[in-house]
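Hello,

Please find the structure below. My notes on it come after.

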Amino acid sequence: MTNFKLLTLVESVLGKGRSTNKGNVAFHCPFCHHNKKKLEVNMNSQHWHCWVCNAAGRKIITLFKKLKVERFKISKLFEYIEETEYRPKITTTNTKAVELPAEFKPLWKLNKLSPEYRNAVYYLKKRNITIYDILKYRIGYCDSGPYSGKVIIPSYDANGVLNYFVGRAYYEDDTFKHKNPQVSKDIVGFELHVNWNYPVCLVEGAFDAIAIRRNAIPLFGKTIPNQLKHRIIENNVKTIYICLDKDARKQAIETAEYFMANGVDVYFVDIEEKDPSDIGFGKINSILANTEKLTSEWLMEQRILGI
Ligand SMILES: [Zn+2]
């Protein structure tokens, strides 16, 4: 059965399509602009392929990303695909599969009668997370199972495949504030939301990245994953902001050195005591705007000071 909402969404990007066979719909190709409808998109498998220029992909999300489709359409895409057959799958780069907890409940589906739901939302509100963020990052919660009492923040790769998630307790008296899956952290956090054409900001945690809103990548720790290093270099990112707190200073300086050696402009964001998520969006972005570019002299000085 054709998913009409999905078809309408794809048509809003590619223009009117023409059904061919077996769920395939043909469109004018936005890459080679051939005068006939040569780009076929399968509305079931999501495979897409242009018979003329060979542009192709396995998921509609990669097509949308290539075309720099507006974010709200990407959100809609996830919504519609989930309704038919979308389930997060194993990423090719992770050795161990990461899946959301079986008890995961989306917070963007209102459930105001549930006290657990209300407590989870209340906790996020206190941390300055808006309903817009909940929808954008597809945040959920668990009220039972191993992640019971935790807000779950998923991270998706560029293809919309889950690559990590964090669990954060929404009750103050929870003995385990954090609970994260035992899977590789050699990933690009929130990659789905990263636009490599703009400066990226490296932060420690998911909440920090959400607080900064624009192009922030959580490391889910203090070290910078190799995949992220590669992605930054291969995408020719010109500018990086490093925004790690004081106890991660050594790693921050090492990271800065690595990128400067690769010709990237590095800005070292000094935030006194607090995490970006405590400082809030408006303030942190004005701090970012007022930060000076790192120099090799400064790095040398830090070495001499023995930090
Ligand atoms: Zn083409």
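This is a predicted model: local features need pLDDT of at least 70, side-chain atom pairs count only at pLDDT 80 or more; totals for chains, interfaces and linings use all residues.

Residues are numbered from 1 along each chain as its sequence is written, and side-chain values use heavy atoms, without hydrogens and water.

Zinc site. Cys29, Cys32, Cys50 and Cys53 coordinate the zinc ion through SG at 2.2 to 2.3 Å (donors are N, O and S atoms within 2.8 Å of the metal, or 3.2 Å for Na, K and Ca). The donors are spaced C-x2-C-x17-C-x2-C along the chain. Cys32 is in the loop between strands E2 (24-27) and E3 (39-42), and Cys53 in the loop between E4 (48-50) and E5 (56-57), so the pair ties together parts 21 residues apart in sequence (strands are DSSP runs of at least two residues, helices of at least four).

Cores. The largest nonpolar core has 67 residues, of which Val41, Leu107, Leu124, Ile139 and Ile153 touch the most other members (a core joins buried Ala, Val, Leu, Ile, Met, Phe, Trp, Tyr and Cys residues through side-chain atoms within 4.5 Å; buried means under 20% relative accessible area with a 1.4 Å probe, protein chains only). A second, separate core of 24 residues includes Leu202 and Phe268.

Strand pair. E13 (residues 239-243) and E14 (residues 265-268) pair in the parallel sense over four bridges (pairing takes at least two DSSP bridges). Thr239 has Asp265 in E14 as its bridge partner.

Regards

Note on methods:
Buried means under 20% relative accessible area, exposed over 50%, partly exposed in between (1.4 Å probe, protein chains only).
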